[in-house]
Amino acid sequence: MKTTGLPILNIIVFLPLAGAIICLLLPSASWSSTSLRRSSWSTGRPAPAPGPVSTLGPAGIVGLVVALLELAFVIFLVIDYPTSGHAAGFQFVSRHSWIGAFGIDWSLGVDGISLFLVAMTALLFPIAMFGPTLRGNSRAFMGWMLLLEAACMGTFLSLDLFVFFVMFEITLVPGYFLVAGWGGARRNYAAMKFFIYTFAGSAFLFVAIIALVVLAAPRNGGHQTFDLITLARIAGSLPHADQVLIFCGFAVAFAVKIPLVPFHSWLPDTYTEAPTAGSMILAGILFKLGAYGLLRLGIYVVPVGAADMAPVLLTLAAVGIVYGSLITIMQKDLKRLVAYASIVDVAFIVLGFFAFSSQGVTGGVLEMVNHGLTTGAIFFLVGIVWERRGTLRFSDLGGLQKSMPIMAAVFLAVVMSAIGLPGLNGFVGEFLVLVGTFATHRWWAVVATVAVITAAVYMLWAYQRVFHGPVLNPANDAVADISWRELAVVAPLLVGIVFLGVYPRPFLERVTPSVNYLLDRVEQAAPNAHVPKTHNVTYSLPANQDVRGGPPGAAGAASASGSGGAGSGGSSGSVPSAAGSTPGSATASAGGSK
Amino acid sequence: MNAAYLIPALPLIGAIVLLFGGRRLREPLSGWLATIMAVGSFVATVIVWVSLLGKQASARSIDKNIFTWVPVNSLHVNAGLQLDPLSILWCLFVTGVGSLITLYSIGYMHGDPSFSRFFFLLNAFVFSMIVLVLADNYLFSFFGWEGVGFCSYGLIGFWFDRDTAAVAAKKAFVTNRVGDYGFMIALFLLFQHFGSFNYRDVLHSHLSGSFATGLALMLFLGAVGKSAQIPLYMWLPDAMEGPTPVSALIHAATMVTAGVYLVARSAPIIHFSSAAQWTISIIGAATALLAATIACNQNDIKRVLAYSTVSQLGYMFLGEGSGDYGAGIYHTVMHAFFKALLFLSAGAVIHALHDEQNMKRMGNLRRYLPITFPAFMIGFLALAAIPPFDGFWSKDAILAAAWHKSPALWAVGVLTAFLTAYYMTRQVVLVFFGQSRWFDHAKERGAAGDHHVYEAGGVPHEAPATMTVPLVILAAASVLGWLLDAPFGGLDFINKWLAPLFPPTVAPAFSVATGTKWLIGLVSVAFALAGLASGVAAWRRAVDRPRLEPAVLEHAWYIDEGVSRTVAGPLTRMANTFSFVIDGRLVDGLVRAVSGSFAASGRQLRRVQTGYVRNYALGISAGAVIILFYVSLRAGS
Amino acid sequence: MSVPSAWYLVLAAVLFGLGATGLLIRRNVLVMFMCIELMLNAVNLTFVTFSRDLNDIGGQVNVFFVLVVAAAEVVVGLAIIVAMFRRRAAATADDIHILKG
Amino acid sequence: MSGVVLATVSGLVAQTSGGSNPSGCAIGKAGDSVSGLCRAANSLHISVAYSAILPVLILSIGGLVLLAVSAVLPKRIYPGLYPVLSTVVGGVSLVASVWQWYNVPGHGQGMVEIGGQIFFDHFAVLFAILVSVAVILSSIASDSYLRREGLDGVEAYVLILMSGTGAVLMAESASLISLFLGLEIMSIALYVMAAYHRRRAESGEAGLKYFLLGSFSSAIFLYGIALVYGATGSTELVLIANHLATNVLSNGGVLLAGMALLIVGLGFKVAAVPFHLWTPDVYQGSPTPFTGYMAAVAKAAGFAGLLRVLDQGLLTQQTDWRPVIWVITVLTLVIGSVLAIASRDLKRMLAYSSVSQAGYVLVGVQAATGTGKSAALFYLFTYTFIVIGSFAVVDAIQGQGESRSTIWAVRGLSRRQPLLAAAMLVLLLAQAGVPFTSGFLGKFYVIQAAVGQGQYYLAVIAMLTAAVAAFFYLRVALLMYSSGVPAVAATTPPAPEPSGSTGDLPYGDAGEPTDVGVPAERVGAASAMTTTGLAAGAVPSEGGLATPARAGGASALDVEAEEDVFAAGLAPVPGLDPETADRASALDAAAGDPPYVSSTNAMVIFISVAFTIAAGVSSFAVDFAKAATTLF
């Protein structure tokens, strides 16, 4: 790795945090000068006497600089991420003891799965922070946003279950205040519901993590550890029922966060009430925390439990797709419709993960990124409509294409991405998920494919009711088209949407080895998962990251042949192998072709 | 053979330029750009075709890999082109007809505020269609397949401020998506079974019957959606809300034949399943007949042609299902010529009458439209299958194949031929003969404030040259095109050209006795003439003949309404129930009930906190007693 | 002949119960307070009984502690009661329930 | 009530009982009382390990010195001196405790000192540190309150020091009798502290209630001691444990009954359900800084006693008491949180919240393992800072006469006092258990203890309760950060119409006197109220204010009645508490003047917040608590 010496992951996590602190320390002149009650903590809506639009101000400048610097670091990371040798394990690992009494390390690492989530986060945040018109207290807004960014990065990059949980939980606080501080009319209700619902879900995650750690401790020489890799190695030797229960604990928490269908009812309220920036981040990134957790904690750590519960989750996902589609069709409000549509999209992610085929899982990962781009863009555009018109009810809209043709075109492109038009990103992810699912769980895929019809129904109906038809409401007659600034803001997302649809190869090349490695592990640990032997790709792991329990070289398994640091190397929380461990020389080819 | 890249590249470049710079290019320029790109694509196709001609019949296939699209382990999909006789044939008429129609549109779309958007979509359509036919694997074809669907959506809803257009566009897309559902399932099956989507890998395997049936039927479901067959045909008549050139290009000549292409391409799969073949031919025949009956009683000039398109597509599937892919494709090409001609002529008529589409308000236009009228007549005769025009020959080949398959299918085909001649005659009579009924209506519209009509003096005028030139070219093609595959004199170019793709193992040759062939031809001519005669007889004088225009036909057998009532209605109600009752009251209600129960129990528990010391002491005592009781149980045991 | 120690214990328990019951049913703060004293003394009796039973002086010594503590409680308790009811006519415990809910 | 005397005497006398009672010797053998007395007399000469009771000595002597100083000095000349002195005493005690920490005898294993009455171990020292810290913080925090309320004088600080003495004694006690003594020393001082505000009826009521019920529970506790004594023949925990470990009890019922009564008595002190009933009333009525002290110290000492009794004396009986504690834990967790949701008074809410927090400590207690104990210790230690800090903030918000005490008093705090609001936010989030606060690590620790014992259900219940509890913490946070700008009632925002009259109903966080952006006719009443409220000062008269505020509240309720269960608490519930609701609204309207935060208060708040965050992100506090019990 070229970036030895530069603790890039730590920078990525701490930079926004530092930015947030700087924002909070700034003098409060930027917001107390304006008329007090109206401006600060205002609703962010175009009020009758609209609250003053915040100029960037010092906080905005800090936020902008930090967010862009963060983006630069992440781009650097993506470029630097090794593709040769099909690196599958965690790269750029950084590990420091944190709370030694509990065996907690501050441990970060990135692999192909998290790499693009990090990239998407870094891309989406500046757009969300500076795209929508900000009303109200810019200082607090920037502070919360940067804090949220730090927490999201921390979640994606953590290699320690404690760090993961802590970061996962802390996202709620800025999320809560963003909704409550800048949201719509029912913001308090929505924020409270969001917080408490997900907080309650996390209870299970919390207990499951601790249970895993406690149960694993005796098998780790009595040392309690939260290290992901070590736990993954040990978890396989736990009793079967324990693994299943632990997985269930994970699954409940993540199902709430994702959200899977019976646990989704916080979502429409929250997304509808959140400010535009909040919706973008909530839908674009916070969803993914749950999905990512399901993959990283659920499938990676306790594959046996995941395999056992896969039918349940697949069913929930399939049901969610159909059910979500039906509900979405009937929505009467554009933002609410988009929020419900997200339920369908994320169900695809889960479907792909639990298909346990490399196409499905890769597709799921791609869907995570896709959904971030698409939903981020769509919420941004919805926000523009809202700023212009002050309403999102379909009955109030219609015929907007006449006055905002460019907007309509951009919106259509994003809508088509959501529908899954080939050539745009949505299709590749959706197709991979479905084809992967079909290979292992045919009938679930057959049900889920219905979404290709229903997505078209609700998305196009929504588009029709907003942009098509005669202008019946005079207020829709002279609406300003999307401005150059807004166009520039949404352009990166559009580029991403098209690029990932036309040429997803750079993405897939980095993701696939990690996914193969993951599935290889599932296959080893959980024969009941019935992983299809469709992957025939070599990959290499950095030393000390081999987590398969079996003896090295068993059944074509990859094992770090350097083997000095293999196995228990990364466990107990002393000072670690520092940033950037050397790539293991071992390669392995798993399985034959079909 | 790098010209191959130019075939899709030129329209793509055109589309991109028009997308970003269309508003700057403005009126005629963007139209011309699009036309040039389409023509360039056509030229490139011709070059490729010529180079293929120079090769051995068996070696006529060029693969061009552009880039790797989706690589995930064993799933390895390239964006690659495969130039073989079938794809080049399709490409030829797509780009050819496409060029003509693009040219025509420059005139037709004159003055439209969204002029460049139209040409962007046209170029994008041509690009997508080229990808569809040139792709070397099913998934990349699907890319084009959906691309044409998107362009179709954009073009049907081109005049978005009409509610009907917006609804029709959405309906077309959604209906197509139902077909795509089948296509996607077929793709999954392909991957699961072959681990590949490449035509080269897929189409040379031996398949078991049941798998082949499933796969073929799923593919055919895709084709049904795209090509407007029963039960997914309803979108096509509604699609006439789009500008007429769009109807000509997309909804008559090219896009709707994608299904025909797909079936032809998948012939090596289909031939393993006789069930699938029967399904295809029966659906084709049934669609042909059903649509023909409906067409007999439509008053909108374009809707008649639309139903006629559905009907003719049915013929094509009948031919393919009967095993004569050559016949089906022959008819596809011929149909592209004459139906494009008919639509463009109809467009000229509409143009002349300032967007009047109701045939009952036309009449006697032959005097005013000197070029359009003969063009339309040629198209009419071709469609009505009057020899020696195009339609006769290709239809004859299909009917022969149908006869071979089953006389019943043939009978349906012949009946359809009769109806075809009848409704086309009706149309011609109503539009071009009889009284001038448009004049009154023009005056009415003028009085009603439609100054455009009023200022034009109310007199229909012939279209500009950009519109008439394509008419003339297409008319010529409709007269002479049949020579491409004439059943005699060794002129069956198309059959020979396609022979490497449909070897006897895939499409077993059959022979119909020469006498029978003659008989079939004569019978169909007789029926066509009968239809023509009865049409003239019925409509020469009258404009309204209620007995021949039952409402049931005017409403297309009430199938659309029936579907809305039996499928859409309950579905909507179900969705409504789901979203407002189950989701709102049950799922969310449960959440609210839980949270509410906490709040409520809090309020109830507050009553325990009375503020009286004795009550508190009682609470402590009660707690103590309970614990004492518990330990006494333990001590006792 | 000596009385079995169990009798003392039962007596003490009854006294304790009486004290507790008194606290629960009486309204007068002073009476309630006396009930608590009664409970404490019941405990003292228990201590002494056990002390005798176990032949252990410690139990008896404990009684002294309890007496001291009870005295201290009396001092503070009465002070609070006096302060509280200096501005009220009635002196029942039920009169003080501003704080509730 | 000299700490020295008490400690020494208790040491002496306990020595007698301890000396006379080697295990099992008493039963059957006729040792006469005379010889017992003789031995008692002899043992007057036993050496007293003063180092073991250093904090007790310092705190009690310090209290006496304070009294003496105040007697010598002319009255009210140096009112600022007493808090300083009290803080100094607390500081000395803290230093002594820290010294103790590094000089625990028995190679860090701890030892029983002073005739089996006093434990000198890390556990005790940790509590000594805790109590010293609480004494320091409360002394500082009390100053501004007492001066504002005109109550300044030496007595308050003497009481703080004395109750601290008792609390430390409880934690150090090695016998049930010294535990009882410590409990009484602490409690009696606390009764007085509760009733300290002479002019507030609530304060007197709180004192009286606390006194009556506290005495009642003390009696029960004492009876428990007597029964345990009867069953095991000793009051010393070590001897009890030895006895139970080596003998089969003939009278197990007596022991169990005694155990039950001990649990009741200590459960009262820690405010575990169902013995919590006094808590809200007393916490609400007591002077605010004292409430914080009470919540920190009394609870900690109660838990220290509970841990001593259950985990040391009666560890062998854990199969008997663990189910009891389990049920109490669940009840405490759930009922505490649920009641807090319904509560509208800040102090009362925090009281219920402290009940709920006690539940988490109980989770650690009932695990009955080393992890459980250190988890409980850690929780208590961090909670001390959180709760004292929280009440210090509440004190600042309440103002003169504790007049602004409902949760609506914090509305808009972020604008008026941003730093205060931020501090309160941190403390609230810590109580809710949000990461990067000590509260989170505490929950983490206790849950770990529970899970280590296989108590998955309890762990899940506890964490779900945390979610419920998050509601009322966040409600306060939300009010602090809400602007008072009424949001609109419609589910979607209205079109930007110039008039702006579309549905500007107060909503959700309402019950608020609407200020800006509301049609004039609606503002009228509210602004009238505002001025009246300002004029009327702290306590508004009833008539003029009731109507408009209730109208606002009702309309808010109409909107939210349908579905806003989550936001329900944000509007006053009509009919329940109109008086407080009205007053709160009026006061909020009048709350133009930001709450006054004295520098001493600010110091306390800062220390609390700093510790809460520092302990949440680093491991020192965890290591500390772990050391306190691994060496136990």
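Colleague: Which helix is D:Val89 found in?
Modeller: D:Val89 sits in helix H4 of chain D, residues 81-102. Keep in mind that this is a predicted model.
Colleague: Is D:Val89 buried or exposed?
Modeller: D:Val89 is buried: its relative accessible area is 12%, and the cut-off for buried is under 20%.
Colleague: Changing topic: salt bridges. How many are there over all chains?
Modeller: A search of the whole structure gives 31. One of them pairs A:Lys402 with B:Asp161, at 3.1 Å from N to O.
Colleague: Where do those two lie?
Modeller: A:Lys402 is in helix H17 of chain A (residues 400-403), while B:Asp161 is in the loop between helices H5 and H6 of chain B, so the pair joins two chains. A:Lys402 is partly exposed at 48% relative accessibility, and B:Asp161 is partly exposed at 32%.
Colleague: What does D:Asp121 pair with?
Modeller: Its side chain meets that of D:Arg308 in a salt bridge, also 3.1 Å from N to O. D:Asp121 lies in the loop between strand S2 and helix H5, and D:Arg308 in helix H12, so the bridge ties together parts of chain D that are 187 residues apart in sequence. Both residues are buried.
Colleague: Which residue forms a salt bridge with D:Glu402?
Modeller: That would be D:Arg200, with the closest N and O atoms 3.0 Å apart. The two sit in separate loops of chain D, 202 residues apart, and both are buried.
Colleague: Last one: which residues form the nonpolar surface patch on chain B?
Modeller: B:Leu12, B:Ile16, B:Leu19 and B:Phe20, with about 400 Å² of accessible area together. B:Leu19 belongs to helix H1 of chain B, residues 3-25, and is partly exposed at 45% relative accessibility.

Notes: Residues are numbered from 1 along each chain as its sequence is written. Chains are lettered from A and ligands numbered from 1 in the order in which they are written. This is a predicted model: local features need pLDDT of at least 70, side-chain atom pairs count only at pLDDT 80 or more; totals for chains, interfaces and linings use all residues. Side-chain values use heavy atoms; hydrogens and water are left out. Patches are made of residues with over 30% relative accessible area and no salt bridge: like charges are joined within 9 Å, nonpolar side chains (Val, Leu, Ile, Met, Phe, Trp, Tyr) within 5 Å. Accessible areas come from the Shrake-Rupley method with a 1.4 Å probe; for residues, only the protein chains shown count as cover. A salt bridge is a side-chain nitrogen of Lys or Arg within 4 Å of a carboxyl oxygen of Asp or Glu. Helices (H or I, at least four residues) and strands (E, at least two) are DSSP runs, numbered from the N terminus. Buried means under 20% relative accessible area, exposed over 50%, partly exposed in between (1.4 Å probe, protein chains only).
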